[in-house]
Amino acid sequence: MIADQLLSSAESFLQERKVEHVVIGLSYTGVLLDDGCCGLAATLKEEIHGCPDLGQEAGRFGGKNAYHLAQGVSSPNILRSSLGLAVVNAALNRGVKSNTSPPLEALRIGAEDKVGMVGYFGPLIETVKN
């Protein structure tokens with residue numbers, strides 16, 4: 001499964017990291033690691049209905065081992081899976097640090113670059129195309 005391959009490729013980096021901040025929104029889940037790496041994943045709100053929530057853990061993700069949370073990427077719980085994928089994305093995008101500039105500016109995407117997205121990030125599509 002591709003989720004397992006992504007997790008495996010990020011494992012050694014994530015074993016040494018802690019999660020600093022998590023935001024689970026209606027469209028996206030965002031994660032900030034203790035070294036400034038950040039990751040984003042889609043929150044599949046259509047799939048949340050009937051899904052067990054993370055209520056008892058809400059507000060308690062800070063300080064947790066990043067690899068532990070990333071293992072949720074293969075979970076049938078869609079919220080845990082979104083959180084896991086955001087953590088994996090933070091590791092795979094570790095050259096991009098969190099700052100106050102727009103995220104796409106930090107990526108420095110040029111006209112000659114090819115861009116692939118795992119998931120559909122609607123608000124970013126037009127910016128990336130241009």
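Two strands pair if DSSP finds at least two bridges between them. With that in hand, here is a short tour of this predicted model. In β3, Cys-38 is the bridge partner of Leu-32, and Leu-32 is also the partner in β2 of His-21. Helices (H or I, at least four residues) and strands (E, at least two) are DSSP runs, numbered from the N terminus.

**How to read the model**

- Residues are numbered from 1 along each chain as its sequence is written, and side-chain values use heavy atoms, leaving out hydrogens and water.
- Because this is a prediction, local features need pLDDT of at least 70 and side-chain atom pairs count only at pLDDT 80 or more, while totals for chains, interfaces and linings use all residues.
- The mean pLDDT (the predictor's confidence in each residue, from 0 to 100) of the protein is 81, and 78% of its residues reach 70 or more.
- Confidence is highest in helix α3 (residues 66-70), at a mean of 95, and lowest in helix α5 (residues 103-107), at 65.

**The sheet**

- Three strands form an open sheet in the order β1-β2-β3, with antiparallel pairing.
- At the edges stand β1 and β3 (38-42), each with a single partner strand, so one side of each has no neighbour in the sheet.
- From one strand to the next, the twist averages 15° (angles run from 0 to 180 degrees between N-to-C directions, and axes are lines fitted to C-alpha atoms, for helices over the stretch in contact).
- Strand β1 (residues 19-24) pairs with strand β2 (residues 28-33) over five bridges, in the antiparallel sense, and a hairpin of three residues joins the two.
- β2 and β3 also run antiparallel, joined by five bridges.

**Helices α1 and α4**

- Helix α1 (residues 2-15) packs on helix α4 (residues 78-92) at an angle of about 65°, with axes 9 Å apart.
- The two helices are therefore roughly perpendicular to each other (a label for angles of 65 to 115 degrees; under 35 is roughly parallel, over 145 roughly antiparallel and the rest oblique).
- On the α1 side, Leu-6, Leu-7, Ser-9, Ala-10, Phe-13 and Leu-14 meet Leu-85, Val-87, Val-88, Ala-91 and Leu-92 of α4 (contact means heavy atoms within 4.5 Å).
- These contact residues divide into ten nonpolar, one polar and no charged (Ala, Val, Leu, Ile, Met, Phe, Trp, Tyr, Cys and Pro count as nonpolar, Asp, Glu, Lys and Arg as charged, and the others, Gly among them, as polar).

**Helix against sheet**

- α4 also lies across β1, β2 and β3, running at about 145° to β3.
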